[in-house]
Structures are given as C-alpha cells and as structure tokens.
Amino acid sequence: MATRRMARSAAGALAAGALVVGAFTAPAGASSGDTARDGGHQATQRVLDALVQAGVPGITVQARDRRGVWRSTSGVGDRVTGRPRSVDDRFRIASITKTFVATVLLQQEAEGRIGLDDTVERWLPGVVRGNGNDGRRISVRQLLNHTSGIYDYTDDPGHLKKYVRAPGFLRHRYDTVTPDLAVRTALSHRPGFEPGARYGYSNTNYVLAALIMEKAGGRSYADEVRTRIIEPLGLQGTVLPGRSVDVPEPSSRAYSTLGTDPGARKIYDVTRQNASQSWGDGDIISTAADLNRFFSALIRGELLPAEQLAEMKTTVAHPQNPAYRYGLGIATLKAACGVWLWGNDGGWIGSFSQAVTTEDGRHTLALNLNGDWGVPDSAGTDLLKAEFCSPAGS
C-alpha cells in the first residue's frame, strides 16, 4: 500500500515505527557506486551510513547537481546472503506514483479532455455515493490535492488486518485488489470533512483519479502513463506492474515487521506482493535515476505547459506541518537552511522512497530504503540538510 510520508520526513522522520538497533548484519558504509565517497556528497553518505548503522537494511541513492551524477549505496539488499544494494536497483515507489497520475491528468486538461473543476460524478457516475459521500460535490482538483474528504481505504481496519499486518498479509499477499474494491472499502466510511474544507491525505483519491484518467483518455491507466511519461523521457527502469507480484531485476529484497512489535525483531521478507493492492495510488516500480529524470523534467516544464505546471504547484497547507504543502500530486517542503524543494515520497510494505528537486530542477535526489520500520526522528532533516544545505551541495 502507499502511505504518506513526505510531511513526516520534513519534520524529521523518513519512515514510521520504532527503531530496531543492530538488527542487521551489514556494517555502515558498505557502499558502492560511481563516486560513493567524493563529488561533494560526503555529508549525504554519512547520513545514509548512519541509517544503516541504526538498523535500516540497505539504501540506494542517486543525486544530480552541477557537478554531475553521484550514485551510491549503503547496507545490504539481501539479509540472508549479505549481497549489497545496487545503484541500479528497481523498487516500488509507492505514493510517488501519485505524481505520475497527476501529471497525466494535467496533460489531459491541457488537451481539453478534462477540467480540474469537473465533478467526480461527471466522469464516474454513481460511483462516489453513500455514507455522506457525494461525487457531485467533489472535483478532480480536490482528488489531486487531497481536499476531497474521502476516507483512505488503506486505513480501513479490515484492510489493514487482511493486507498489511501479520498474519493477514502472509495469507493474502498475492490476492488481487480491484479499484472497485478499494473504492467500496473507502465509501463504507463517512467522509472525514466537507469537500474543500482542508487537506486530508487519502489514497482513495488517486484510485479515483486513475479511473477518471482512463475515462478521459480512452486507454488504460498503464498505457496513459507509459506513452505520456515513461517512453518520452526514456525511463527504462520504470514499469507499471499490473497484477505482477515481482520486482524486475536488478532489485533487492524488501523487509517489514508487518505491524508486529519491533522489539521482538521479527522481520519478514515481503518482496513478493501483488501490485494491484496499490493500483493508481502507489503501484509503479522505478529507479533512483529515473525518478531524478522525471522530477527534473517535470519541474522544468518538459511535461506540462506553464499553465498546468502552475496548477500543479498551487498548494494547500498541511494542518500540522507549516514546512510542508501539497499541490496536485506533488509536495513542497523546506530544508533546514530554508531551501524549498519539490517532490514526493511514499512507503510501501517493505520499503520507503523519496525524490526531491530544487525549484530549477538542476539538483535532484532520489533514494530507497528496503525496510519500512523506524529510523531516528532526525533522519529526514539530516538528509536534506546534508544534500541541499552544505557548501558543496548548494
């Protein structure tokens, strides 16, 4: 499932949960890459190594800036064999998928196929009804900036028990979850607030957005993303997996506590999962290099006309975090030195990914952790400060 993590990263956390210290055999600094220890990214490398020392299995990272491309890793991709992570690893990008979806919908708007202020009802008649939910009062824009009020289906207790936590995940990891089931699960709950009243993150918004994309474009969600973004940008490591349970090679194993007590140090290999369980809101698989290419191209106007890019960058406030604001499928957050960054992040069962760029698109950072439990609260702040606030990174 896709989760919302970027706001917590800005506040100082990369992933949720309690810290597991010393749970892994790989030493900090088990790094590889083009310039793992030079190129002005030593401070960033130290943060990554500290995360591995604290308990994260492994990390893969790429940064692009005025000096060129820096790729590195720390820790392991396989806890059993000790195989290190690869700089070319593919991984589940979770909620970063939402940026791809929003980009396609904004392209469709530029083509006159759809309007951001169109109602959900116009495109999905009768779909959003019941328990106080009403698609006639919710716009496409409100789906994309998470102000619809629709319940997040991934928060449903039954969904969590069956698809996220042990032992349910172990029994149902290969099940197909249709978009219809995800929406029906959400609509079994009352909305959290009136449409447009405030920001409230919900993965259901992007399941609906992907369904609308299909209606507006006349093609499948996968075909729309592939032909409009992946192929034009040459994102060779990026795929829409459909119902596949595998991550294409090269890739690392993914690990999770599955909601169990981290103190017990019960770690599960959760690499194989049916990607349909996060269709439209978090199913894309990519690489750090592809994510950097995508966000740099997006923020520099290569994918959207100026009007639609401005719409994407029109943000709403996060109720608990003034250093974080959400636009249409993209967020902006402030590093410790005051530099504002654009990007997104996401947690999937077994991993956490993040991709950010400066306003001019010339300095980007993308990474993946192959574990989904906690890291020190200061990690997110430390990472962005190291990469974007040091003299070498400025």
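Grid points are joined across faces, edges and corners, and a volume is the space filled by probe spheres set on the points. The idea behind such a search is simple: rolling a probe the size of a water molecule over the atoms shows where empty space is left. Lining residues, defined as those with an atom within 4 Å of a point, number 16 for the largest cavity, and F91, R92, S252, A254 and S351 are the closest to its centre. Strand β3 (residues 90-92) supplies the largest share of this lining, with 3 residues. By class, the lining holds 5 nonpolar, 7 polar and 4 charged residues, where Ala, Val, Leu, Ile, Met, Phe, Trp, Tyr, Cys and Pro count as nonpolar, Asp, Glu, Lys and Arg as charged, and the others, Gly among them, as polar.

In total, the search gives 3 cavities of 30 Å³ or more.

Residues are numbered from 1 along each chain as its sequence is written, and side-chain values use heavy atoms, with hydrogens and water left out. As the model is predicted, local features need pLDDT of at least 70 and side-chain atom pairs count only at pLDDT 80 or more, while totals for chains, interfaces and linings use all residues.

The protein contains 13 helices and 14 strands, taken as DSSP runs (H or I, at least four residues, for helices; E, at least two, for strands) and numbered from the N terminus. Of its 394 residues, 61% count as buried, meaning under 20% relative accessible area, with exposed set at over 50% and partly exposed in between (1.4 Å probe, protein chains only). Among contacts (heavy atoms within 4.5 Å) between residues at least 6 apart in sequence, 72% join residues at least 24 apart.

One disulfide, a pair of cysteine sulfur atoms within 2.5 Å, is found in the whole structure. The bond pairs C337 with C389, whose sulfur atoms are 2.0 Å apart, and is left-handed, with -75° about the S-S bond. Distant parts of the chain are linked in this way: C337 sits in the loop between β11 (331-334) and β12 (340-348), and C389 in the segment after α13 (379-388), 52 residues apart. C337 is partly exposed at 42% relative accessible area, and C389 is also partly exposed, at 22%.

Some backbone details deserve a look, since most residues other than glycine have a negative phi, and most peptide bonds are trans. A cis peptide bond joins A166 and P167, with omega about 0°; P167 belongs to the loop between α6 (157-164) and α7 (168-172). Another cis bond, with omega about -5°, connects E249 and P250, and P250 lies in the loop between α10 (221-233) and β6 (255-256). A94, in the loop between β3 and α3 (97-110), has a positive phi near 55° and is buried at 0% relative accessibility. N131 likewise has a positive phi, of about 55°, in the loop between β4 (129-130) and β5 (133-134), but N131 is partly exposed at 39%.

Notes:
On a 1 Å grid over the protein atoms alone, a cavity is a set of points where a 1.4 Å probe fits but cannot get out, and a pocket is an open set with protein on both sides within 12 Å along at least five of seven lines; lining residues have an atom within 4 Å of a point.
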